[in-house]
Amino acid sequence: MAGRERYAELADKIVDLLGGRDNIGFFTHCVTRLRFNLKDKNLVRKEEIEKIPGVMGSQWSGDQYQVIIGQAVGDAYALIAEKTGLGAKEGAGEKGGGDCGEKRKFRPGDVLDAVSGSITPLMPLLIGAGFIKIIVLVCTQLGLLAEGDPTHTILSLVGDAGFYFLPVFVGATAARKFNANIGLGMLVGAMLIHPSFIEAVNAGGTLNICGIPIYGASYTSSVIPALLAVAVMAPVERFFARISPDMIRSITEPLLTLIVMIPLTFCLLAPIGAFLGTYLSAAIMWLYDTVGFVAVAVFACLCPWIVMTGMHTAMLPYMFDTFAKGLPEFIITPGMLVSNIDQGVANLVVAIKSKDENMRSTAASCAVTAVLGGVTEPGMFGVNLRFKTPMYGAMIGSAAGGLVTGFMGAGAQALTTSTGLIGGFPVFISSNPMNLVGIIAGVAVGAVVTFIATYLLFKPEQAETAPASEKGATAVPMPAQAAPTQGRGAETLLQPVAGTPVDLALVNDQTFASGMMGAGVAVEPSEGVLVAPAAGVVTVMFPTGHAVGITTDAGNELLLHIGIDTVSLEGRGFSPKVSQGQRVHAGDVLVEFDVAAIRAAGYDPTTMVLVSDTTADDVIVLSHDAATAGVPLLALRAAKEA
């Protein structure tokens, strides 16, 4: 109770100061703020609330009133809920704002978010299985393995298993995405590939359930049928959970859910999913067959814009289905590989021609990450889009490279997320040597044309006349002291997420921008992986995954907040990898999040790196250059100097 006692006055007064219980439609909290959905804003006595001990400030966000507490907001919330009866269930369904549980209108980005959230977790599985198949192919061609050898048999079945059992894997990840039971999700996927069902389909027999005919199709190595079935299963399961008596709910909830889902899945949803997957693949292949290699050129040219809007997520089911069927993929992977490398080549030209030392360093590092690793966001957002002409040069080169690789018919044999030189070329190894030659030729032509076009278009004075904040100059005033004096609390924090650091004062949220929650810096993320900036203990792991609190070994309290108002996403697009109370080391992964999905949902993914109870004088920002996670970002003064 000691931790909550300081909020006793707030708990006693808050209802009256908000206009009474009838004025509160919904009450919840995020990692730093109490959030109230209110019916009449005029009844709120804001100034009186801000005078209560423990309240750091307050603000309006639409019709939602936010009372800023800090990382101890859970204590304040618990005490208020205990004394008033308010809580996350209060007023459910009333109109409100933000994260307060209202029924949000459907957005087109929700479809992409659902697909991405269900499929992205499976990419390591399919990449691993795909490369196992490539290893078997290469070893067989080199005479190191022969068909029928025990090693060949085991490796082959492992590679095939990653694709054959896709409906089961998708059932699990989709259930997690749609907040359904993972076991039931896996069962829905598994029943689609049960040997008896497959045998009956292959035999051409007529199947039905209670007289309702079942469409005879094979769903092995498929994605969309299981995804669609689990998406429908989730609300069905919640319905039976809500109406089932508590004493028999453990039986009725899964049983009734399955009774409903068996005919729905076999007779309607899985066939629809099969048709969607088939026609999506057919549409893309129709484009390829109709305009030929021009389709690869068009995709490669437009690839940066497709990635920026998150539309590349819509291509994942097509790619998964293609590779699962053992077919090469001729458009997306080749186009993306050519485009990514050309983004890096354009960065290289900027590094060569620019006279600004900071820009040369930034562009050169971006070129390396794009060309070798296929990580284009730092260079794309930090360099090419900023000056525009490098982006034009990259698009011109990508169109040329796409024409060549499309003309030569280069097709990827397996899935890869590293579409750069290191991870991209191996997936084009096949029994036909010209397949690899085709992608190498396309990449080479694209790189040469990009270099020439960018060299002609980009003028060094563009970098010289860019605003200081765009050139990587330090926007936060730097103390005269170059480094903090060592002592208790003094330490260096690493950049927790890849991207470009920006002045905290420029963040589009007054609570963070004002320094109310502590000094620090913001990062515009280029990758969706948040890592620990220092060793310590996780003191706060918000259930939605959008915010993490860490107390470092040096005693500093850190708040890592992914995005602005992203608590409203209710965990969609976030995957926490640690739990509260867990010890972490610098560089340990804390949260994985989908940057494109956050943007598609209309939210700003800018990530705050804050040190509680500090001012700008306590924190030294070491760099504002785009960088990968793990480089030094902040230096903290010792507590005795604060």
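**Exercise 1.** Does K388 count as buried, partly exposed or exposed, and at what relative accessibility?

*Solution.* The model is predicted: local features need pLDDT of at least 70, side-chain atom pairs count only at pLDDT 80 or more, and totals for chains, interfaces and linings use all residues. Residues are numbered from 1 along each chain as its sequence is written, and side-chain values use heavy atoms, with hydrogens and water left out.

Step 1. Recall the classes: buried means under 20% relative accessible area, exposed means over 50%, and partly exposed lies in between (1.4 Å probe, protein chains only).
Step 2. K388 has 48% relative accessibility, so K388 counts as partly exposed.
Step 3. Locate the residue: K388 sits in the loop between α16 (377-387) and α17 (389-407). Helices (H or I, at least four residues) and strands (E, at least two) are DSSP runs, numbered from the N terminus.
Step 4. Check the backbone: K388 is not a glycine, yet its phi is positive, about 70°.

**Exercise 2.** Where is D565 found, and what is its phi?

*Solution.* Step 1. D565 lies in the loop between β13 (557-564) and β14 (574-576).
Step 2. Its phi is positive, about 60°, although D565 is not a glycine.
Step 3. The relative accessibility of D565 is 22%, so D565 counts as partly exposed.

**Exercise 3.** Describe how helices α8 and α10 meet.

*Solution.* Step 1. The axes of α8 (residues 182-191) and α10 (residues 224-243) come within 10 Å and cross at roughly 140°. Axes are lines fitted to C-alpha atoms, for helices over the stretch in contact, and angles run from 0 to 180 degrees between N-to-C directions.
Step 2. Angles under 35 degrees count as roughly parallel, over 145 as roughly antiparallel, 65 to 115 as roughly perpendicular and the rest as oblique. Therefore α8 and α10 are oblique to each other.
Step 3. List the residues in contact (heavy atoms within 4.5 Å). On α8 they are L184, G185, V188 and G189; on α10 they are A226, A229, V230, M233 and E237.

**Exercise 4.** Which residues does V188 touch, not counting residues up to four places away in sequence?

*Solution.* Step 1. V188 is part of helix α8.
Step 2. V188 touches A229, V230, M233 and T265, with residues up to four places away in sequence not counted.
Step 3. V188 and T265 are 77 residues apart in sequence, and their C-alpha atoms are 7.9 Å apart in space.
Step 4. V188 has 0% relative accessibility, so V188 counts as buried.
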